[in-house]
Amino acid sequence: MNNKNEEFRNVSKPHALPIDAILADLRSDRDGLSSDAAARRLERLGPNRLPEPPKEGQLKRFFKHFHDTLIYILIAAGAVTAVLGHWVDTGVILGVVVINAIIGFIQEGKAEQALEGLRKMLSLQAHALRDGEWRETDAEQLVPGDIVRLRSGDRVPADLRLMEAINLRIEESALTGESMPTAKNTEAVRDDAGVGDRSCMAFSGTLVAAGRGTGVVVATGAQTELGKIDRMISEVQTLATPLTRQMDKFGRTLSIVIVGMAALMFLTGWVLHDFSLDELFIAAIGFAVAAIPEGLPAILTITLAIGVQRMARRKAITRKLNAVETLGSVTVICSDKTGTLTRNEMTVVHLVTGDGRYDAEGSGYAPRGGIHREGRQVTIADHEDLRRLVEIFAVCNDSAIVEDNGQWRVIGEPTEGALKTLAKKAGFSDKGYQRLAVIPFESENKFMATLTRSSGKGTRILMKGAPDRLLDRCARQAGKNGREEPLDRSFWEEQVDALGARGLRVLAAAIREVEEEKDELAMEDLDREMVFAGLVGIIDPPRPEAIAAIKTCRQAGIRVIMITGDHAGTAAAIGQDMGIGSGREAVTGDAIEAASDEELGRMAGESDIFARTSPGHKLRLVQALQARGEVVAMTGDGVNDAPALKQADVGIAMGIKGTEATKGAADIVLSDDNFATIERAVQEGRTIYDNLRKAVVFILPTNGAEGLVVLVAVVFGLELPLTPVQILWVNMVTAVTLALALAFEPSEPGLMSRPPRKTDAPILDALFLWRIAFVSTMIGLATIAVFIVQRRLGMDLPAARTLAVNTLVFGQLFYLFNSRFLHESSLGFSRLFANRVAWLMAGVLTMLQMVFVYAPFMHSWFGSASQSLRYWPVPLGIGLSVFLAVEAEKALLSRRT
Ligand code: ATP
């Protein structure tokens, strides 16, 4: 490696210079930097990150919480009470206004932190050459001089001057607005070429649409072209979903209605009864404060944030919050096979050549175990057919296996890793082979080919890939004793079917000699002249947890469809092992191709396994399923899966295997690529939706009951059982304690035995409206009754009001335990104690009520009064009655349905 001291020079016009000049300026070379040099450069230049867009100032964010209907009402109320000389009330009201803003500010901060955390989990990775080895590095660690490798689907991690470009096409819309990918090469261009014309450059933030390439980093962070135009590519997320947005709108409309009702109440009270203006004004304010559900938006936001955090802990990272809700209505999950349903740990177990069959021992990537023919161990030295097959698979290969602390793992593709392990088991060495050109593997082609020169064997094309694709390109085969003979296609197809029926992934190899001096490889070179060399069967065991998850999905009314690039027989056999498709034949990509939209719709309704598909088929399948009214979740990893993921109701990208392009198009990213995680995400999605609804159904009756109390008092000309500041107190303490508990609510039992939620089902269905009305009336009337009875019995006003407040609060507290289950009974030890936060909050609330009742300063601020112990059973008894009444209602309704 060269002397990579830090005195490198910034290259001002890298697109106009030859690559060697740039490498020299950057004090780098084709072997990349050492990790020491990179670390020093990183320290000097800072991380490869765009400067964060300026955040809203904390003060501005705090004051935003004063921009709210309720707050305006409260401020007006504060002003009026001041004019009337009720200074204590003014103080309390303004105090509450400030506390309310503080609570909102803190909750919003927490929720945003949660989102920020999710964003960080999706950090960009890059392949950089360090210390002479390809390493996966955090893109933020890249420095000028690093050599970086690009593959289709990658997001370019920094500005690169390309030194190798194989069919490389890059989509630069992030920078130029042009959505058609531009072809890239390595030739320098004129120094006045515009960004869009610098074809030898790959710019940070753009997407590799196809091909491969290598380049040297010439600019990082703010120095990149993207940094210069100061545009962030990550979309800004807001904590909102259709449900919360709908509730927001509902809340706003409700506020206006309530203000109108308060005015009406004011007039009624004035005309019908001899209330003083002063009293009426207090009552109207009290009513508005009581009935407006001001805590609701904040609680919904927090519930959502806690939900997505919980989902992320369970390895499903939410990119678009709408998906959280949609997950609960998913009726079909379309999943890739390899790596999602199976383990993606490939081992070659069987080989077939024109001369015979072989078995390979061992499991995983450890090169332990021999190769056998008819029960006897064999070597490649004795079997030329075997040697040739192993040679093609090992040399036409971009991956490697390495041993780390006794564990063998693959760097690169698992399929290719399995072939490398096979080569090592067979004792084959790939030294002395020179690669002159390559056609890389793409899902569309399903094969890879190299032009390779080796001593003694001349120049040859080596090719490996899906058997059907290779058979199409071969007219001859390597037969017995290495003799070439005409291709016996039906023999090979039988072999492929037999291996596939065992659930093995089948890969074929082919070879052709070409003229010695040939140094380029084109698709036309892979014509019918290739010579078929044989097959291998690769085992990829199912993930046991995925089998269980498929079963759960079925119980939850969700169909699971397997979509794979693999052979139909293999797909059907694995499907059978996993409980997909019940052993029926798979539909192939060719059949999808030939089908009309209607036919495809029918196929999508009948078949659960689609094999030999290309990414384009996925899009058509999603559309066909959606046309049948299904809500579709679709997984993907390759760059060409992006359109299907976008079209799907929930697009799911693989976090490990997936390309940046798919992650960018996805709603959810799985950090473990596992099907079982999708099932858990559905479960979490259903839980979050449940919890949002529970929050609504819990909070609205507090407002309903309070509003009712004030309304009844004014209409019947009674003393007010609650003053505005007392109502503020109740709302404040229940919002920070009880409502928050529901955000931590675990999944309901039986959650995954319910059918998916209908997308058009309203949030506030009839049962909900009934429950809200029922509970509001119960708690409201009980509060008024307690107040009137105690006043009649001679209790003084502050004490009676204190008792009324306690009745309201404890009614809510007991009702919280009803709300934890919307339909099911809350009775039973395990159900009552499942959510510890609920109990903690109940404890906190009781303490707060103690302060309210017994602290002298509360007496002067909130007009409360000490209460003798013998009165406590009243609110507790009423609370318990509310609880039992709602349980009885649930039991009755569930019996009727
Ligand atoms: P899934 O869509 O379930 O992830 P898959 O991984 O089998 O399935 P692809 O990666 O598109 O889908 O592979 C399709 C076929 O291409 C495989 O069945 C195999 O025959 C062939 N193939 C896979 N990887 C390679 C490779 N590295 N080189 C050559 N051929 C390959």
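**Ligand shell and surface patch**

Sorted by class, the residues of the shell around the ligand are 6 nonpolar, 5 polar and 9 charged. The model is predicted. In total, 20 residues surround the ligand, and the closest are K337, T338, K464, R505 and D566.

β18 (458–465) and β21 (505–514) each supply at least two residues. With 3 residues, β21 gives the most to the shell.

D566, one of the closest residues, has a polar side-chain atom 3.1 Å from an oxygen atom of the ligand. For T564, an N or O atom in the side chain is 3.2 Å from an oxygen atom of the ligand. How much of the ligand does the protein bury? Taken alone, the ligand exposes 620 Å², and the protein buries 92% of that area.

The other feature is on the surface. L267, W270, V271, L272 and L277 form a nonpolar patch there, and together they have about 560 Å² of accessible area. Helix α8 (residues 242–272) contributes the largest share of this patch, 4 residues. V271 lies in helix α8. Is V271 buried or exposed? Its relative accessible area is 67%, so V271 counts as exposed, the cut-off for that class being over 50%.

Note on methods. Residues are numbered from 1 along each chain as its sequence is written. This is a predicted model: local features need pLDDT of at least 70, side-chain atom pairs count only at pLDDT 80 or more; totals for chains, interfaces and linings use all residues. Side-chain values use heavy atoms; hydrogens and water are left out. Patches are made of residues with over 30% relative accessible area and no salt bridge: like charges are joined within 9 Å, nonpolar side chains (Val, Leu, Ile, Met, Phe, Trp, Tyr) within 5 Å. Accessible areas come from the Shrake-Rupley method with a 1.4 Å probe; for residues, only the protein chains shown count as cover. A salt bridge is a side-chain nitrogen of Lys or Arg within 4 Å of a carboxyl oxygen of Asp or Glu. Buried means under 20% relative accessible area, exposed over 50%, partly exposed in between (1.4 Å probe, protein chains only). A residue is near a molecule or strand if one of its heavy atoms lies within 4 Å of it. A polar contact is a pair of N or O atoms within 3.5 Å; within protein, one must be able to donate a hydrogen and the other to accept it, and residues adjacent in sequence count only if both atoms are side-chain atoms. Ala, Val, Leu, Ile, Met, Phe, Trp, Tyr, Cys and Pro count as nonpolar, Asp, Glu, Lys and Arg as charged, and the others, Gly among them, as polar.
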